[in-house]
Amino acid sequence: SPAPVSNFLRTIIDNDLAQGRYAGKRWAGKPGPASVQQQGGIDTARIRTRFPPEPNGYLHIGHAKSICLNFGLARDYLGACHLRFDDTNPEKEEDEYVKAIIDMVKWLGFDWNYGAESNCYFASDYFGYMYQFAQALVRAGHAYVDEQTAEQMRSMRGTLTEKGKDSPWRNRPAGESLALLEEMRLGKHPDGSLALRAKIDMASPNINMRDPVLYRIRHVAHHRTGTDWCIYPMYAWAHPVEDALEGITHSICTLEFEDQRPFYDWILNHLAELGQLAQPLPRQHEFARLNLSYVVTSKRKLLQLVREGRVTGWDDPRLPTLAGLRRRGYTPEAIRLFCERLGVSKADSRIDYGLLEQALRDDLDPKATRAVAVIDPLKLVITNYPQGRSELCHAPRNPHDPDAGMREFPLSRELWIERDDFREDPPKKYFRLFPGNTVRLKYGYIIRCTGCVKDEQGNVTEVQAEYLPDTKSGTPGSDSVKVKGNITWVSAAHAIPAEIRMYDRLFCDPHPDAGDKDFLAALNPDSCQVVQGWLEPGTQAVPGATWQFERLGYFVADREESTADQPVINRAITLRDSWAQ
Ligand code: ATP
Ligand code: MG
Ligand code: MG
């Protein structure tokens with residue numbers, strides 16, 4: 001693969017490595033505070049990154065950007081990337097999501113196992129350390145237990161233009177806070193009655209530094225720790241601790257967290273001073289998140305689409321979830337290519353959905369097996385071709401890859417062609433079938449259209465033509481007649497019937513959830529049209545198989561519902577972008 005394109009994060013890492021920032025750093029091979037890390041025998045100069053999903057939903061294309069970035073940096077710098085479940089918020093987290101996340105990171109082609117190191121972690125495993133660290137902060141006078149309600153704390157916090165006010169509990173003795181913290185942990189107080197807060201500066205211009213809450217009381221069972229805990233750490237407190245325990249060097253997050261960086265550093269510096277954390281400490285760096293047009297990626301909105309039955313599930317082929325994209329026919333290579341093309345920057349931007357689609361075309365074009373399918377079938381009868389006879393035609397499996405060889409399929413008297421390939425009254429510059437015109441049956445003979453049959457309503461039910469016997473593709477006479485049209489077909493007696501799901505974008509609006517828009521109003525009513533079509537004989541519709549159906553686009557056999565007897569085929573993407581303005 002080509003050398004990675006540099007970006008601001010690579011520049012930062014290059015500088016850190018040039019300064020020897022990680023040389024001799026010890027990694028115990030397991031997460032832990034200074035006391036554990038310093039027992040570690042491995043001296044490394046490695047960088048460590050992490051991908052830290054919250055297991056409260058399925059991964060989407062935005063997560064892919066973060067996965068490719070973090071695992072990609074670890075790969076290119078011979079470091080390690082941790083998969084860490086950020087499961088500190090018990091209400092919304094479930095094992096189902098943990099499994100789905102593991103599945104998708106692997107599918108994208110990344111691995112958190114590096115030799116003897118298996119770097120898959122759960123933040124909930126650190127609840128004990130977090131508690132220990134909180135006690136250390138309280139003892140040192142850096143945190144206190146507040147008895148104000150959440151509402152009172154909010155009103156005392158001030159605004160961007162107005163300083164906050166100190167809590168009346170801010171200066172309570174450390175011993176008192178320590179005892180109350182222990183009572184909180186033991187479940188002696190109801191939800192919301194007490195909170196542990198960092199003691200920083202209520203007058204700070206950065207609101208995040210105005211004594212942020214570290215622990216709140218939540219009498220809720222957790223999907224992994226059950227009822228062991230009834231206090232849970234806030235994200236901004238948990239995250240730097242998780243990073244430090246795991247020896248992360250570069251903690252890469254999206255721009256919204258830029259204002260949290262001073263608190264991130266405050267926590268780590270204080271815990272290091274107190275001897276709890278080993279040096280060098282992780283550093284946070286922010287990059288612009290992926291905002292993709294024509295989709296929603298908020299987990300709340302995705303969940304709503306699933307719950308309300310607007311889609312068939314988290315893996316609906318129209319969703320921008322990785323499970324949905326996979327079912328749609330996206331390959332890991334296409335998604336990685338898309339992420340590579342996105343690059344990394346610090347400036348927010350919106351990316352056109354067409355860029356994702358183009359990455360899929362670019363990935364599949366050189367490697368997809370070609371086949372013919374007819375999705376809107378109309379019968380064509382070659383009236384001068386003997387009944388009961390058939391002969392084989394040949395076509396390349398892949399025109400980009402001569403080694404892939406040829407495929408063969410029969411031609412016979414009755415064929416299925418696309419309804420759109422015949423017009424009784426052709427418009428100007430229409431070169432396909434109309435009475436009197438000649439076209440080539442792709443890989444077969446040249447035919448002359450002689451007429452059509454219609455039903456009582458005037459709908460064309462059958463097209464009739466005569467073939468010119470010496471014009472078969474690949475024979476010396478094939479060039480004897482010049483034609484402008486070349487149409488695809490399958491032999492009616494031999495073709496495989498299939499359900500074909502013609503997927504399109506889920507939303508018609510490029511920015512379905514911009515501002516306070518109702519994103520449901522922008523749902524595309526034509527995002528899935530199911531048709532009964534015909535596949536080239538010999539097509540093996542094993543789940544997950546992909547093809548380029550000539551002239552139509554890229555298709556995949558649905559990984560959930562397709563069987564050899566009853567193929568279910570999804571259209572992944574058309575050959576050309578029909579949405580481009
Ligand atoms: P949501 O806000 O929809 O709940 P989230 O960002 O909270 O999503 P997490 O599971 O916490 O979801 O995300 C895990 C990681 O993926 C985070 O490090 C986050 O920065 C990254 N990530 C999430 N969405 C995007 C995006 N659109 N672009 C880039 N990175 C993203
Ligand atoms: Mg979230
Ligand atoms: Mg999050």
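Reader: Which residues are the closest to ligand 1, and how many surround it in total?
Author: In this predicted model, ligand 1 is surrounded by 15 residues, and the closest of them are Pro-53, Gly-62, Ser-66, Arg-289 and Lys-299.

Reader: Which helix and which strand each supply at least two residues of that shell?
Author: They are helix H3, covering 61-76, and strand E12, covering 250-254, and H3 gives the most to the shell around ligand 1, with 4 residues.

Reader: And how do the shell residues divide between nonpolar, polar and charged?
Author: The shell around ligand 1 holds 4 nonpolar, 6 polar and 5 charged residues.

Reader: Back to H3, then: how many of its 16 residues are buried?
Author: Of the 16 residues in H3, 12 are buried, so the helix is largely enclosed by the rest of the structure.

Reader: What span should H3 have, and what do its end C-alpha atoms give?
Author: At 1.5 Å a residue, H3 should span 22 Å, and its end C-alpha atoms are 22 Å apart, which agrees. Just after H3 comes Leu-78, which takes a positive phi of about 55°.

Reader: Switching topic, how is the chain divided into domains?
Author: There are domain 1 (8-125 + 238-285), domain 2 (128-233), domain 3 (299-369 + 499-574) and domain 4 (373-487). The centres of domain 1 and domain 3, taken over C-alpha atoms, are separated by 31 Å, and the contact takes 18 residues from domain 1 and 19 residues from domain 3.

Reader: One more helix: which residues of H7 are buried?
Author: In H7, the buried residues are Ser-177, Leu-180, Leu-181, Met-184 and Arg-185. They cover an arc of only 145° around the axis, which puts them on the same side of H7.

Reader: And what do the buried residues of H7 pack against?
Author: They pack against helix H5 (127-139) and against strands E8 (143-146), E9 (195-198), E10 (213-217) and E11 (231-233). H7 is followed by Gly-187, whose phi is positive, near 85°.

Terms used
Residues numbered from 1 in each chain as written. Chains lettered and ligands numbered in written order. Predicted model: local features only at pLDDT ≥ 70, side-chain atom pairs only at ≥ 80, totals over all residues. Near = placed C-beta within 6 Å. Nonpolar A, V, L, I, M, F, W, Y, C, P; charged D, E, K, R; others polar. Buried ≥ 20, exposed ≤ 12 C-beta atoms within 10 Å, placed from the backbone. Arc of directions from axis to C-beta. Contact = placed C-beta atoms within 7 Å. Domains from an automatic or database assignment. Expected span 1.5 Å × (residues − 1).
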